[in-house]
2 protein chains.
Amino acid sequence: MAGLRERKKEQTRQRIAAVALRLFTERGFDAVTVSEIAEAAEVAKATLFTYFPSKESLALEGVGQDDLAGIVARRPTGQSPLQALRAHYQAFMAGQMAAMDRDAVIARMRLIFGSPALSGAANTLLYQQRRTLASVLAEEHGATRAALMAAQIAATLLTLQESFFHLLVSGASPAKAVRALAEDTEFAFDLLEHGIEHVKGQ
Amino acid sequence: MAGLRERKKEQTRQRIAAVALRLFTERGFDAVTVSEIAEAAEVAKATLFTYFPSKESLALEGVGQDDLAGIVARRPTGQSPLQALRAHYQAFMAGQMAAMDRDAVIARMRLIFGSPALSGAANTLLYQQRRTLASVLAEEHGATRAALMAAQIAATLLTLQESFFHLLVSGASPAKAVRALAEDTEFAFDLLEHGIEHVKGQ
DNA sequence: TCGAATTCCATACCGGGTTTGATTTTGTAC
DNA sequence: GTACAAAATCAAACCCGGTATGGAATTCGA
């Protein structure tokens, strides 16, 4: 178990991802070619594509792994899907967020939102989640209504990330941006729960 | 004015678009190459790309032109943005929708939602609209809140289209699908106005 | 150590899209 | 009508992301 083969594969995979991320952050996503990455990582281009299905996936390693459907499916009885999601993101920002490597996270966001191709790919990832979330919600509501709810939720979460990023690039300190994100998240869930016409607040 | 030059250009543009649409519907988006389209339309590939920026744009001619921001900006005083959008889509479905070439619309939707690349491109179009809508809404609400609202609205409209399409491909008659769309649209705006927790209806 | 499976590689290829530089077509001024 | 500048078109080469091929190297299990 965990033979030499497996270990080397994992090693190679990580080397490729690390090299790619370095080149991307140095020169920007579009200014780096896949062949360059392969060369710098000392593998053939064809080999690189056995590890990663696309150039975008190189930059999105370990991103957008939120399991919206799982959070909803595993919620305690009596809790609404929205309450479960709200609780999850509150906990996330109080805990994990504070422990992360801020600079790395910010660099990654800068990379993603700075390239239309990457933002689009990130969007597509969220789109998959939206569908699985909709299928979970469909058990309680109809398919169409579940799809509408899931779409609103997914769009909201993506927008929160974007706002966070815009705050950062406009010069706010990370600490301040995180505080604003927490506040915006609260508002966002209020909006989802009570509707646009009923959240005139502030 | 409207010299020969302009007329010929418009003519060429439409010929390219028509040829492309025919080939796409005949054989599917992915099974048609841009070179084939250019050849069939009797232009050089480079010329084709002076008329259309991408292969996707060939299939999306005249699609996704809803001017969400304009509808909101031009609404009568006293009307909320959501009311204006709701009224617009109600009027659209009662009027324009009934007058359209149903088969053509359905074929186009089948084309778009049948290809991941095209759905993605359509998504991107809506994303642009979302930003301009947000900038209009930002005059009344803050930038972040406007972005959240715009995101929910845009995601909702796209989802309505998808649901409509799924009904069609699952065999519903166009008339029935249109009726369901009208009903879903009402629900969707209720959802936007009053929130997920307050629209338990039905 | 031997053979089977797996991985890797170089290379050629495909399709979308751009660049180049020459050629044709159109508008306009005479 | 002619001449000339601007604009449009063209063929061809090129770039890049991604795939297919067929062979060489590596690892595994016995």
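Modeller: Let us start with a term: helices (H or I, at least four residues) and strands (E, at least two) are DSSP runs, numbered from the N terminus. From the N terminus on, chain A reads α-α-α-α-α-α-α-α-α-α-α, that is, eleven helices and zero strands. Please keep in mind that this is a predicted model, where local features need pLDDT of at least 70 and side-chain atom pairs count only at pLDDT 80 or more, while totals for chains, interfaces and linings use all residues. Residues are numbered from 1 along each chain as its sequence is written, with chains lettered from A and ligands numbered from 1 in the order in which they are written.

Now for the pair. Two packed helices are described by the angle between their axes and the distance between the axes. Axes here are lines fitted to C-alpha atoms, for helices over the stretch in contact, and angles run from 0 to 180 degrees between N-to-C directions. In chain B, helix α10 (residues 143-169) and helix α11 (residues 174-194) have axes that come within 9 Å and cross at roughly 155°. Angles under 35 degrees count as roughly parallel, over 145 as roughly antiparallel, 65 to 115 as roughly perpendicular and the rest as oblique. α10(B) and α11(B) are therefore roughly antiparallel to each other.

Who makes the contact? Two residues are in contact if their C-beta atoms, placed from the backbone, lie within 7 Å. On α10(B) the contact residues include B:Ile153, B:Leu160 and B:Phe164, and on α11(B) they include B:Ala177, B:Leu181 and B:Ala188. By class, this contact has eleven nonpolar, four polar and one charged residues; Ala, Val, Leu, Ile, Met, Phe, Trp, Tyr, Cys and Pro count as nonpolar, Asp, Glu, Lys and Arg as charged, and the others, Gly among them, as polar.

B:Ile153 also leads us onward. B:Leu133 touches B:Ile153, and its other partners include B:Leu68, B:Val72 and B:Ala154, not counting residues up to four places away in sequence.

Finally, look at where the chains meet. There, 30 residues of chain A are in contact with 30 residues of chain B. On the chain A side, α9 (116-137), α10 and α11 (174-194) each supply at least two residues. α10(A) gives the most, with 14 residues. That side of chain A divides into 13 nonpolar, twelve polar and five charged residues.
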